[in-house]
Amino acid sequence: MSKNNKIPGTWTAVPDKLLGIGFDIYEIIIISSIQSWTRQEKKFYESQTRIANEYGCSRATINRRFKDLLKLGILIKGNRRGTGQYEYQVNETNLLNIIK
């Protein structure tokens with residue numbers, strides 16, 4: 001691919017350790033997106049509907065993944081902002097314990 005044929009849009013970095021340990025692609029997207037926002041010193045308030053639309057799956061699929069990650073203690077659910085938007089953070093300690 002030449003320099004003039006760059007893929008447009010923003011990029012989210014995915015830590016190598018998240019790959020191949022049992023998370024599915026949607027869980028990896030959720031964790032990596034939240035971590036990306038955190039690195040930029042922003043709060044993650046994306047709606048599950050927007051995430052589902054962006055990645056071509058149902059809102060129910062994304063909702064199940066959020067619930068699973070909350071149950072595992074990987075995500076922390078914070079304050080609500082707007083309709084269906086909550087602040088989420090990654091519990092880095094719990095994530096590191098799973099990755100090890």
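In the predicted model, Phe-66 is in contact with Ile-30, Phe-44, Gln-48, Ile-51, Leu-75 and Tyr-88, when its neighbours within four places in sequence are left aside. Phe-66 is also listed, together with Phe-23, Ile-31, Leu-75 and Leu-95, among the residues with the most contacts inside the largest nonpolar core, which has 19 residues. In soluble globular proteins, nonpolar side chains tend to be buried together.

Helix α2, which covers residues 48-55, has Gln-48, Ile-51 and Ala-52 as its buried residues. Viewed down the axis of α2, these buried residues fall within an arc of 100°, and they therefore line one face of the helix. An α-helix has 3.6 residues a turn, so residues three or four places apart point the same way.

After α2 comes Gly-56, whose phi is positive, near 70°. In the loop between α1 (25-39) and α2 lies Glu-41, which has a positive phi of about 60° although it is not a glycine. Most residues other than glycine have a negative phi. With a relative accessibility of 77%, Glu-41 counts as exposed, because the cut-off for that class is over 50%.

Technical notes
Residues are numbered from 1 along each chain as its sequence is written. This is a predicted model: local features need pLDDT of at least 70, side-chain atom pairs count only at pLDDT 80 or more; totals for chains, interfaces and linings use all residues. Side-chain values use heavy atoms; hydrogens and water are left out. Buried means under 20% relative accessible area, exposed over 50%, partly exposed in between (1.4 Å probe, protein chains only). Helices (H or I, at least four residues) and strands (E, at least two) are DSSP runs, numbered from the N terminus. The arc is that of the directions from the helix axis to the C-beta atoms. A nonpolar core is a set of buried Ala, Val, Leu, Ile, Met, Phe, Trp, Tyr and Cys residues joined through side-chain atoms within 4.5 Å. Contact means heavy atoms within 4.5 Å.
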